[in-house]
Amino acid sequence: MTTHREPLDSVLEAVGETPLVSVQAAPESVPVYAKLESFNPGASIKDRIGKYMVEAMLDRGDLEPGGTVIEPTAGNTGIGFAIAAGQLDVNAVFVVPERFSVEKQQLMAALGAEVINTPTDEGMGGAIDRAHQLADEMDGAVVPQQFANPLNVEAHYETTAPEIFDALDGEVGAVVAGCGTAGTLMGIAKYALEADPETHVAAVEPDGSLYSATKGADPEEAAYKIEGIGTHNPATNELFDPDLVDEVLQVPDRRAHEELRRLASEEGHLVASSAGAASAAARHVAERIRDGEIDAPHDSVVTIFPDSSERYLSKGIYRSFEEWEG
Ligand code: PMP
C-alpha cells in the first residue's frame, strides 16, 4: 500500500489513500468523517474505478493493450478512466450529456480522450445507448458500463471501504453517501455490513431523483442542480441494491448549496454539490443517532466528498443559489 512518503512511478499509484477528515459542524458525541476524494490525481472518487476497472479488464483479457474503452459518463468517470487508459496503453472515448460541466470535458480531452456529446434531454440513458452503438462499430472496444459493472462496486469494496475501516479501527456506525451509479455506496455498504450487519446505511439523492421509489416511497420527479448523484430512472442504475440500504435521504438543491458554501467558509473544504448533499445528510443521520432515533453499532458516521468545487466554477457554484446553474 502506498504511503505517499516515497517517490511513485506513476500517477496511478497515487490513486486512493485519501484523507478522512471530521466535519466540524457534526454533533460532538457522534462525529461525521468525510473521505476527501478530490485528493486523487484526477481530483475525484472516480479515479478509483478508472484504475481498478481498466486493470481488471486487462487482467481478464476483456480488453487488450491498444484497445478502446467507451464509457457514458457525467465527466468524473471519464477523467478517471482517461488517466488509467493513458497510462495502460488503452484508448478512451467518452459519451457525455451536454449539460455536464465543460471543465470536466476539457480535462478528458487534455488526457488524450475523445469526447462525444449527447442531447441533455436524452439523459444518461441516451449516452449509454450511444456508447454501445459506438462500441459495436469499432474493433477491440469495450463499454465498461459503470452503471451495471460489478467491478465498480468491487473497486470501493477493495479500496475505499478498507481505508475507512483502517482509519477508524473498524468503528463505523453509519455509512451515508450519494448515489449516482451507486458503486461507491454499495461497495462501502457491503464491506460495512459484513463487518457489522447492524451498520446504518443511508443513500443520498437530490430532491426530484427517484432512488427512494426502490424503498416504497412515491417521489415526485423533477429537475435538480446537484451534479453527479440521483437518477430519473432507477432501472438504469443496476448496481443499486435497496436491500443494503436502510433509507434514501432526499436533499433539496438549496440545502446542498448552502452546505457546500458553509463547508468552504467555515471548514476550508473546496467541495462540490454532491459533497454538500452528503454532508447535510450525514449530519442529519448523526443527529438522529445522538437523539436515539437511529440505533447504530457505533457513534460515528462516514461520508464521501466525491470531488472539488473548482470543477464547477464556470457554473457559478459559489454565486447565489439562483445564479448557480447546476
Ligand atoms: N458525486 C460526483 C461529483 C460524481 O461525479 C459521482 C459519480 N457519478 C458521484 C458523486 C456518485 O458516485 P457513484 O457513481 O459511485 O454513486
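Ala, Val, Leu, Ile, Met, Phe, Trp, Tyr, Cys and Pro count here as nonpolar, Asp, Glu, Lys and Arg as charged, and the others, Gly among them, as polar. On that scheme, the lining of the largest pocket in this predicted model divides into 17 nonpolar, 21 polar and six charged residues.

The largest pocket has a volume of about 830 Å³, and among the elements that give two or more residues to its lining are helix 2 (76-87), helix 4 (123-137), helix 6 (183-195) and helix 8 (273-290). Of these, helix 4 gives the most, with four residues. In total 44 residues line the largest pocket, and those that lie nearest its centre are Met124, Gly180, Gly228, Ile229 and Gly230.

The space taken by the ligand is this largest pocket. The ligand is surrounded by 16 residues, the closest being Lys46, Gly180, Thr181, Thr184 and Ser274, and the residues of this shell divide into five nonpolar, eight polar and three charged.

| Residue | Protein atom | Distance to a ligand oxygen atom |
|---|---|---|
| Thr181 | polar side-chain atom | 2.6 Å |
| Ala182 | backbone N or O atom | 2.8 Å |
| Thr184 | side-chain N or O atom | 2.5 Å |

Taken alone, the ligand exposes 390 Å², of which the protein buries 96%.

Conventions: Residues numbered from 1 in each chain as written. Predicted model: local features only at pLDDT ≥ 70, side-chain atom pairs only at ≥ 80, totals over all residues. Heavy atoms only, no water. Near = heavy atom within 4 Å. Polar contact = N/O pair within 3.5 Å; in protein donor to acceptor, adjacent residues only side chain to side chain. Areas by Shrake-Rupley, 256 points an atom, 1.4 Å probe, with all protein chains shown as cover. 1 Å grid on protein atoms, 1.4 Å probe; cavity = no way out; pocket = protein on both sides within 12 Å on 5 of 7 lines; lining within 4 Å. Sits in = over half its atoms within 2 Å of the grid points. Points joined across faces, edges and corners; volume = space filled by probe spheres on them.
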